[in-house]
Amino acid sequence: MDASDLLRNSLLQLSKSDAVRRTIEKAPVSRQVVHRFIPGDSTADVVRATAELRTTNRLATIDYLGEDTTDLTQAIRTRDAYLELLRALADADLSQHGMGEVSLKLSALGQYLPGDGHKIALEHAREICEAASAAGTTVTLDMEDHTTTDATLETLRELRRDFPWVGAVIQSYLRRSEGDCRDLAHEGSRVRLCKGAYKEPESVAYQSGAEVDQSYVRCLKVLMAGDGYPMVASHDPRLIEIAGALAAHHERDATSFEYQMLYGIRPEEQKRIADRGDQMRVYLPYGEEWYGYLMRRMAERPANTAFFLRGLVTRN
């Protein structure tokens, strides 16, 4: 395991540390630095950020931050936040034709609740899909740690009976992912391919960056050769170049796939991709539960860690 892999694993461990979370949240500069990656806490903040993206022909998928809830009241609050968001996007003319869609974490909607957690999360997701349909936009189900993969894909199948446009997420670091891509690479199926950002055991996930990248390319080949709609979620210039070459090889129209990047990471490259006529969608998180999200972003890319630590040192 090289130094970058060690850093990644350490940061993923810290993402679950309450003590580190309290330290970072109390740092006077933290929120200023975090603002690069998260535009704010409120619906108004994220709608404003979505409108700004539109001025440079970038699309958005919006995530109300939070996960792993075991409290029904919080799960309902998350559902209501998405319903409010979709109304606000429609009112601002930002939802039609998938310009601003939403990404859901089922664990935030009640998946871990005892007893009927799966049923509750499914019903909450269904209500959000109904609101998205009314607003003229789409929904993507985020993938979380490997223990929820089967349950998430089952929820996807349930939702697609009524909402065939619901998107899936596949994480290339899981050993099973190439097979999942084959199952999902059919007509009308929207699939976001990312590397993955949770700490997973070697039995189910590749541990080195090189293995994860190789798996990503194998999965990408399956999706680009299929009849679905690939969503290439990566900041890696090599993988972006490979995606473009595969799209050209399979004679894909620019509207038949898209690139995705995180808010605040490589914004000029995002604009360049949009300017050349390809579809570029930005993953846009908002809300107060930003700590776990931030730490996983640090783990994904060492440059993010350097940016954050530099901000803490120079502005305190």
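Leaving aside residues up to four places away in sequence, Asp213 touches Lys195, Asp236, Arg238 and Leu239. Keep in mind that this is a predicted model.

Where does Asp213 sit? It belongs to helix H9, residues 209-225. Is Asp213 buried or exposed? Its relative accessibility is 13%, and the cut-off for buried is under 20%, so Asp213 counts as buried. In sequence, Asp213 and Lys195 are 18 residues apart. In space, their C-alpha atoms are 7.5 Å apart.

Let me step back to the whole chain. We have 316 residues, and 56% of them count as buried. The protein has 13 helices and eight strands. Now the contacts. Take those with a separation of 6 or more: 74% of them join residues 24 or more positions apart. As for the surface, the accessible area comes to about 13,900 Å². Carbon and sulfur atoms hold 50% of that.

Next, helix H6. It runs from residue 117 to residue 135, which gives 19 residues. From first C-alpha to last, H6 reaches 27 Å. That is close to the 27 Å expected at 1.5 Å a residue. What follows H6? Gly136 does, and its phi is positive, near 85 degrees.

Which residues of H6 are buried? Here is the list: Gly117, Ala121, Leu122, His124, Ala125, Arg126, Ile128, Cys129, Ala132 and Ala135. A reminder on spacing: an α-helix has 3.6 residues a turn, so residues three or four places apart point the same way.

What do those buried residues pack against? Two helices are on the list, H5 (72-91) and H7 (149-160). Two strands are there as well, E2 (100-104) and E3 (139-141).

Let me stay with H7. Two packed helices are described by the angle between their axes and the distance between the axes. For H6 and H7, the angle is about 45 degrees and the axes lie 11 Å apart. The crossing is right-handed.

Which residues make this contact? From H6 come His118, Leu122, Ala125, Arg126 and Cys129. They meet Ala151, Glu154, Thr155, Glu158 and Leu159 in H7. Look back at the buried list for H6: Leu122, Ala125, Arg126 and Cys129 are among its members.

To close, two places to look at on screen. One is buried Asp213, with Lys195 among its contacts. The other is the right-handed crossing of H6 and H7.

Key
Residues numbered from 1 in each chain as written. Predicted model: local features only at pLDDT ≥ 70, side-chain atom pairs only at ≥ 80, totals over all residues. Heavy atoms only, no water. Helix = DSSP H or I, 4+ residues; strand = E, 2+ residues; numbered from the N terminus. Buried < 20%, exposed > 50% of the residue type's maximum accessible area, 1.4 Å probe, protein only. Contact = heavy atoms within 4.5 Å. Areas by Shrake-Rupley, 256 points an atom, 1.4 Å probe, with all protein chains shown as cover. Expected span 1.5 Å × (residues − 1). Axes fitted to C-alpha atoms, helices over the stretch in contact; angles between N-to-C directions. Left-handed = near helix turned anticlockwise from the far one by under 90°.
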